[in-house]
Amino acid sequence: MSGQFPPPPDEGQPGQPPYGDQPPAGGQPPPYADQPPPYAGQTPAASQPPYGGQPAGGSVPPGGFPAYPSGAAGPMPDAKGFFGALFDFSFEHFITPIIVKVVYVVALVMLVIAWLIWTIVGFSSSAGLGILLFILGAVVVVLYLAFIRMTLEFYLAIVRMSQDIHRRLPG
């Protein structure tokens with residue numbers, strides 16, 4: 001083997017349809033026969049989206065994802081605020097992005113306070129139990145904090161997906 005690739009199939013040669021497609025029976029040209037094949041000479045990110053329209057930002061950036069609508073730099077902020085979103089009975093505004101940081105800080109503070117209380121109780125009983133609760137308690141606090149963080153990130157990701165879907169839907 002000489003390290004060369006096999007010759008490409010006969011594409012677009014005169015008298016042959018591109019990509020080896022055969023015209024349908026009845027002599028009709030295949031649908032979209034006057035258009036070039038998808039991604040012909042282009043990278044997928046530089047071509048038009050498959051649904052035929054322009055993306056929301058007007059062009060496809062080099063990463064291949066459409067930009068946010070003009071004027072928006074990212075996820076849209078919740079204009080109602082905490083209490084407006086809390087008492088929004090139509091559920092048009094999400095409260096999760098507003099409170100996720102507060103919930104994480106409160107969980108961290110509560111875990112540390114519980115760890116300190118258990119450690120003090122352990123030391124009041126015996127020095128060995130206090131040291132054991134101090135070391136194992138720190139590990140437990142980190143594990144619980146990681147679980148709380150993953151759970152909050154999951155909830156936030158669901159809300160962000162919902163916001164993106166509602167932002168991109170027509171109407």
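Two salt bridges are counted in the chain, a salt bridge being a side-chain nitrogen of Lys or Arg within 4 Å of a carboxyl oxygen of Asp or Glu. The structure is a predicted model, in which local features need pLDDT of at least 70 and side-chain atom pairs count only at pLDDT 80 or more, while totals for chains, interfaces and linings use all residues. Residues are numbered from 1 along each chain as its sequence is written, and side-chain values use heavy atoms, with hydrogens and water left out.

An α-helix has 3.6 residues a turn, so residues three or four places apart point the same way. Arg-149 is partly exposed, with a relative accessible area of 40%, and Glu-153 is likewise partly exposed, at 42%. Here buried means under 20% relative accessible area, exposed means over 50%, and partly exposed lies in between (1.4 Å probe, protein chains only).

The side chains of Arg-167 and Asp-164 also meet in a salt bridge, at 2.7 Å from N to O. Arg-167 and Asp-164 are three residues apart in helix α3, so about one helical turn separates them. Arg-167 counts as buried because its relative accessibility is 16%, whereas Asp-164, at 23%, counts as partly exposed. The side chains of this pair are also joined by a polar contact of 2.7 Å. A polar contact is a pair of N or O atoms within 3.5 Å; within protein, one must be able to donate a hydrogen and the other to accept it, and residues adjacent in sequence count only if both atoms are side-chain atoms.

The chain contains three helices and zero strands, in the order α-α-α along the sequence. Helices (H or I, at least four residues) and strands (E, at least two) are DSSP runs, numbered from the N terminus. Helix α2 comprises 30 residues (96-125), which at 1.5 Å a residue should span 44 Å; its end C-alpha atoms are 42 Å apart, in agreement. The expected span is 1.5 Å times one less than the number of residues in the helix.

In α2, the buried residues include Val-100, Leu-111 and Trp-115, and their cover includes α3 (127-168). Buried positions of α3 include Gly-130, Gly-137, Val-141, Leu-145 and Gln-163, and the buried residues of α3 pack against α2. Of the 171 residues in the chain, 14% are buried. Among contacts (heavy atoms within 4.5 Å) between residues at least 6 apart in sequence, 36% join residues at least 24 apart.

The chain exposes about 13,500 Å², of which carbon and sulfur atoms supply 70%. Accessible areas come from the Shrake-Rupley method with a 1.4 Å probe; for residues, only the protein chains shown count as cover. A nonpolar surface patch of about 630 Å² is formed by Phe-154, Tyr-155, Ile-158, Met-161, Ile-165 and Leu-169, with Phe-154 placed in helix α3. Patches consist of residues with over 30% relative accessible area and no salt bridge, like charges being joined within 9 Å and nonpolar side chains (Val, Leu, Ile, Met, Phe, Trp, Tyr) within 5 Å.
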